[in-house]
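Please open the model in a viewer and follow the selections below in order.

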Amino acid sequence: MHVSEDRISHLAHRIVEKIWRDDLADFPDEARALQSVKDTIATFFHLAAEVDEAVRKKLASYSQAKVPGSRDWEILYQKFYQEEMVKRKW
């Protein structure tokens, strides 16, 4: 899943604003905090895309092909997705 830079920026601004409004943290350097949130969001979406691709390849390699969208496919997809995320320590 590709997420645009504008979307990431919008999400980051909303997150930083919410943290500040709820008085959960003070930012001595707001620009740095915002950039850190942007980097984290971008990393997450990049990792999610990599994991999605790996899981889909794994499911496609099964001898008994599962139909994407079927209940069996969804159950295996979620199981393998979680396993991949754990492997990547996310």
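**A charge over a ring**

Begin by selecting K58 and F80: K58 lies over the face of F80, 4.2 Å from the ring centre. A charge sits over a ring if NZ of Lys or CZ of Arg is within 6 Å of the ring centre and within 35 degrees of the ring normal. The model is predicted, so that local features need pLDDT of at least 70 and side-chain atom pairs count only at pLDDT 80 or more, while totals for chains, interfaces and linings use all residues. Residues are numbered from 1 along each chain as its sequence is written, and side-chain values use heavy atoms, with hydrogens and water left out.

Next, display α2 with helix α3 (residues 71–87), which pack at an angle of about 130° with their axes 9 Å apart. Axes are lines fitted to C-alpha atoms, for helices over the stretch in contact, and angles run from 0 to 180 degrees between N-to-C directions. Helices are DSSP runs (H or I, at least four residues), numbered from the N terminus. Contact (heavy atoms within 4.5 Å) involves, among others, F44, L47 and K58 of α2 and W73, Y77 and F80 of α3.

Now select W73, Y77 and Y81, which form one aromatic cluster. Rings of Phe, Tyr and Trp (its six-membered ring) pair if their centres lie within 6.5 Å; four aromatic pairs are counted by this rule.

Finally, move to helix α1 (residues 5–21) and helix α2 (residues 30–60), whose axes come within 9 Å and cross at roughly 125°. The contact includes I8, L11 and I15 of α1 and L34, V37 and I41 of α2.

Definitions and conventions:
Phe/Tyr/Trp six-rings, centres within 6.5 Å; stacked < 30°, edge-to-face > 60°. Helix = DSSP H or I, 4+ residues; strand = E, 2+ residues; numbered from the N terminus.
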